[in-house]
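Morning, everyone. Please have the sequence and the model open while I talk.

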Amino acid sequence: MGFFEAITALMPVIAVFILLVLFRLPAIKAMPVSLGIVAALSISVWKIHPIRVVAASLEGSIIAVSILWIVFGAILLLNTLRNSGAMETIRYGFSGITSDRRVQVIIIAWLFGSFIEGAAGFGTPAAIAAPLLLTLGFPPLAAVSLALIADSSAVSFGAVGTPLIVGVDQGLKQGDNVADQVQQVLGSQSIGEFIHGVAQYAVLMDIFIGSLIPLILVVMLTRLFGENRSFKEGFDIWPFALFAGVSFTIPAFVVAAFLGPEFPSIIGGLVGLCIVIPAAMKGFLLPEEPWDFGKEDRQEASDEASAAVKRMPLYKAWLPYVIVAVLLVLTRINALPFKTLLSSVKVRWEDILGTGISTEFAPFYLPGTIFVAAVIITIIYHRMNREEVIRTVGTSVNSMTGSLIALGTAVPMVRIFINSGINEADLMSMPMELAVWVSEAVGGSWPFVAPVIGALGSFISGSATFSNMMFSLFQFSVADQIGIQGQQVVALQVLGSNAGNMICILNVVAAASVVNMVGEEGTIIRITLVPMLFYVGLAGVFGSVMIYLL
């Protein structure tokens, strides 16, 4: 791979970083330009046939529709709860647990978000947690940034274990069979047993890494969004933050060890909520003085909370989110018939333009459909009138314009990158060429670099599942070549894909859309980039220690 080929392979990262982060262009401008640059270089430098570039773009457009449906469902539910008065009641209810904003972000973004990640995944937690924080009076930038940072450790087992049981599983296969080099190492061990081991290694390391995420959240909250711009005010509740961290990671480890990769995030999130909420109400490990934003930093919130509570009981206001959580869990459990039933209806395009590229999605299985179902129940249960419903739908549709442009061009760019393996330049796909280039440069230091590859995959592809699918076999092969355990290196790939979820452009655009921050994606990435690098760095350190010293 020469200089121009390397620039082309890096262009999805370079273009997004320069246009969004450095030039601070909104995604609705940056992503179409990035798509044009990547498409042109793919044809001229990587020598991909133009028809294949168009087919990959069409595939991306179809995938974008499925993501937009999730975003629309989340926005519609949020606006429904706002217009029914439920959001004011919810805000007041959280204030009843604690008025300390540091504790609120831990409960909502870290624990509740982890539960939603385990049930649904694919950007859903930030789309739910961010508007909840906004309703409590958090500034929009704080709400969306902190929700994205919190949605990290739980991603390993998101959507009932999809990044592992689909991403890693498919990533270690060539066609329908396990790759030869993997099968030679597995011997009599099944691929399912191998993935179970990957899950155990990943969550074991995450006890030491993920447990720090609540502390990172509160420190960034007070430093970036507090009146005093103080690190100390965040560190003041470090005992409670670490307590909240292990309240999720330890139950998740136990579940991963004994039950497998499907339920660690779901059960870990629920157990954490059951432990941390009563502790917060009793002031356990908390300073006497609660922390709040300064007046100039606080999002304007209605003062009619008490009236809302009289109008609507707390259980009635929370019921839509309870319905969403229950439906997500019920429709993701393989033992129940709902998953098969909802997944049976598919929108599929086979062999797009004769290129062999195909794509599909199951519209009734997407979380967006669950959101819409909860909206319909809410409209009836909250007795919303026709005018309120029309206003809710109209506001939600109008807010989708920016997301339509940003996601409608970002996903096609990603699919061109991923589908670049068939070309006339005698090159592998762009992600594989990049990975080989990095592996040759670092040699025996690979365990430290492996999480970076996972993060890069999530950033570009928009999904930890896709990242694991792209790079698991490569990670395993490098481990085999340098004589270390493939299972542990694939676990580092999984942790890296978790970290990349914080800056993944598709998640950032989707979460920004829900809180009406379209155009601020670069600012959000600049905030989430620091904890992402921290997470990746710690994963590399712990991975290297585990592989070479233990």
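**Aromatic pairs, helix packing and salt bridges**

Start at Phe293, which is buried, with a relative accessible area of 4%. Keep in mind that this is a predicted model. What is the ring of Phe293 paired with? With Phe138: the ring centres are 5.1 Å apart and the planes sit at 80 degrees, so the pair counts as edge-to-face. Phe138, Trp291 and Phe293 make up one aromatic cluster.

Phe138 has another neighbour to show you. Ala143 touches Phe138, along with Ala130, Leu133 and Leu134, leaving aside residues up to four places away in sequence. Ala143 is in helix 7, which spans residues 140-150. Buried or exposed? Ala143 is buried, because its relative accessibility is 0% and the cut-off for buried is under 20%. One more distance here. From the C-alpha of Ala143 to the C-alpha of Ala126 is 8.9 Å, and these two are 17 residues apart along the chain.

Next, a helix pair. Helix 5 packs with helix 16 (residues 314-330), with the axes 8 Å apart and an angle of about 40 degrees. That angle makes helix 5 oblique to helix 16. Which residues make the contact? From helix 5 we have Phe112, Phe115, Ile116 and Ala119. From helix 16 we have Trp318, Ala325, Leu328 and Val329. By type, the contact has 8 nonpolar residues, no polar and no charged.

Two of those residues deserve a second look. The structure holds 11 aromatic pairs, and Phe112 with Trp318 is one of them, edge-to-face, with 5.9 Å between centres and 85 degrees between planes. Phe112 sits in helix 5 and Trp318 in helix 16, so this pair ties together parts that are 206 residues apart in sequence. Both Phe112 and Trp318 are buried.

On to charges. How many salt bridges are found in the whole structure? The search gives 6. I will take some of them.

Asp292 bridges to Arg101, with the closest N and O atoms 2.8 Å apart. Asp292 is in the loop between helix 14 (264-281) and helix 15 (305-311), and Arg101 is in helix 5 (residues 101-119), so the pair ties together parts that are 191 residues apart in sequence. Asp292 is partly exposed at 33%, whereas Arg101 is buried at 8%.

Then Lys232 and Asp236. Their side chains meet in a salt bridge at 3.3 Å, N to O. Lys232 is exposed, with a relative accessible area of 57%. Asp236 is partly exposed, at 36%.

Last one: Glu350 with Arg348, whose closest N and O atoms are 2.4 Å apart. Glu350 is partly exposed at 48%, and Arg348 counts as partly exposed at 43%. There is a third member here. Through salt bridges with shared partners, Arg348, Glu350 and Glu360 join into one network.

Find the cluster of Phe138, Trp291 and Phe293. Find the contact of helix 5 with helix 16, with its 8 nonpolar residues. And find the salt bridge from Asp292 to Arg101. Thanks.

Technical notes
Residues numbered from 1 in each chain as written. Predicted model: local features only at pLDDT ≥ 70, side-chain atom pairs only at ≥ 80, totals over all residues. Heavy atoms only, no water. Helix = DSSP H or I, 4+ residues; strand = E, 2+ residues; numbered from the N terminus. Buried < 20%, exposed > 50% of the residue type's maximum accessible area, 1.4 Å probe, protein only. Contact = heavy atoms within 4.5 Å. Salt bridge = Lys/Arg side-chain N within 4 Å of Asp/Glu carboxyl O. Axes fitted to C-alpha atoms, helices over the stretch in contact; angles between N-to-C directions. Parallel < 35°, antiparallel > 145°, perpendicular 65-115°, else oblique. Nonpolar A, V, L, I, M, F, W, Y, C, P; charged D, E, K, R; others polar. Phe/Tyr/Trp six-rings, centres within 6.5 Å; stacked < 30°, edge-to-face > 60°.
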